Amino acid sequence: MSLSDKIADWARHFGISLVALTALLGILRLSHSELPKDGRTLLRTMTKYSIQEKAGGKYYYFGIIHSLSSTLSGYAHTLTDGLTLRLQINIDGLPLFKSSSVQLWPILGLLLSVPMKEPVVIALYSGEKKPSSAKEFLEDFTKELVYLEKGFCFEGKTLTLKLDTVICDTPARAFVKHTKSHNAYHGCDKCTNPGRHVRSRMRFPCKDYALRTDESFNDRLDEIHHHEGPHAFEGTGVGMVSQFPLDYMHLVCLGIVRRLLNMWLRGPLTVRVPATIVEQMSAKLVPMRPYIPVEFARKPRSLRELDRWKATELRQFLLYTGPVMLASFLDKDLYQNFMLLFSGISILASPKFSYLTDYADTLLKSFVQHFATLYGRHHVVYNVHCITHLAGEVQQHGRLDSFSAFPYENHLQKIKKTG
């Protein structure tokens, strides 16, 4: 590799900004005149784009095959005629600046048929608010998707591509599906459970209701669940219930685990942990840092910094450090309730315990019932209710990390740093 290629790879790997890279090149050019002056030249960044005005903002469509071609070329020798590639996409909003309302809405993609280290950008939208129309925002994507499903030629081999799953957080999922939001009376994506408005929040009764299906969604049997007009994937054959799984990063880690911690630290006196005990809990949590393996992206932090905890830290607390630390400090009933959650999610996240999915379903439903008794039925909000559907998602799509937002969230942060 030439010096230029080595520097370019280094800059991509560590997410070096263009400003910093250009400044570095200015220093290195004193000894290596063959290096370019500008970081964009080094990275071979395109400078001309066909930017469209779409859905109330600026939009650029890279294309499914265009974005995946580099990955497919690397596995060309393993591709066979007639192979169907499975594509998973993620749609979410990304605020760029604290002082501005400008935000990005990328469509990210991952191929599940071949190993991919990180997602690719298929389309990119920028505006002061989210796209005004999901159908318009996804129009180019759905057209190419329908074309690729019929078959296409890649390096002399005939392949097809199918959309496997669409990963979104709750607001983005409602936006793409053109349905009522999670705080609406018929907001559950997976069942017809009618919410009840109690104490300024929408709660869901702890009862079993009819599950939604792709057919019932398309036939609009629960009319109140839908907004008027067609959804973004109308006419594509995409399962609007089965192919939009619940994401446990937002649902469990950022949703339920953070809610539990907040109630222990700041909630009603019946469940609040005394401040002195909270300090003792942090004093036991933080010394675990030297013993956390390098495979974990973050080390444990004090509970006083809870508002700044990331999703990976909340996942680590739920599945690893929490069960150990809480046993000495938490009330017995509260601890057992937490362990129901821990046990159920541990089974669903494990590649080895798929045969225990039904048992995990029982554990998580018990968690919700027990949670309602301990914290009050008015706290059984959307996130808490939807955990009863997670086992069904795992039965259909595989373990939780097969359809989580974690890899996409990491890539979104790389995009943000690049800007």
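The legends below describe close-up views of a predicted model.

**View 1. The largest nonpolar core and the residues with the most contacts inside it.** This core holds 117 residues, and of these Phe141, Phe233, Trp264, Leu341 and Leu390 touch the most other members. Helix α9, which spans residues 248-266, gives the most to this core, contributing 12 residues. Apart from it lies another core of 8 residues, among them Ala8, Ala11, Leu21 and Leu42. In soluble globular proteins, nonpolar side chains tend to be buried together.

**View 2. The surroundings of Trp264.** Leaving aside residues up to four places away in sequence, Trp264 touches Val271, Arg272, Val273, Phe317, Leu326, Leu330, Leu334, Phe338 and Tyr375.

**View 3. The crossing of helices α9 and α11.** The axes of α9 and α11 (residues 311-326) come within 9 Å and cross at roughly 50°, which makes α9 oblique to α11. The crossing is left-handed, and the residues that make the contact include Val257, Leu261 and Trp264 of α9 together with Leu314, Phe317 and Leu318 of α11. Sorted by class, this contact has 13 nonpolar residues, no polar ones and 2 charged ones.

**View 4. Two residues with positive phi, Ala55 and His178.** Most residues other than glycine have a negative phi. Ala55, however, has a phi near 55°, and this residue lies in the loop between β1 (52-54) and β2 (57-61). His178 has a phi of about 60° and lies in the loop between α7 (170-177) and β9 (196-198). Ala55 counts as buried because its relative accessibility is 3%, under the 20% limit, whereas His178, with a relative accessible area of 27%, is partly exposed.

Technical notes
Residues are numbered from 1 along each chain as its sequence is written. This is a predicted model: local features need pLDDT of at least 70, side-chain atom pairs count only at pLDDT 80 or more; totals for chains, interfaces and linings use all residues. Side-chain values use heavy atoms; hydrogens and water are left out. A nonpolar core is a set of buried Ala, Val, Leu, Ile, Met, Phe, Trp, Tyr and Cys residues joined through side-chain atoms within 4.5 Å. Buried means under 20% relative accessible area, exposed over 50%, partly exposed in between (1.4 Å probe, protein chains only). Helices (H or I, at least four residues) and strands (E, at least two) are DSSP runs, numbered from the N terminus. Contact means heavy atoms within 4.5 Å. Axes are lines fitted to C-alpha atoms, for helices over the stretch in contact, and angles run from 0 to 180 degrees between N-to-C directions. Angles under 35 degrees count as roughly parallel, over 145 as roughly antiparallel, 65 to 115 as roughly perpendicular and the rest as oblique. A crossing is left-handed if the near helix is turned anticlockwise from the far one by less than a right angle, and right-handed if clockwise. Ala, Val, Leu, Ile, Met, Phe, Trp, Tyr, Cys and Pro count as nonpolar, Asp, Glu, Lys and Arg as charged, and the others, Gly among them, as polar.
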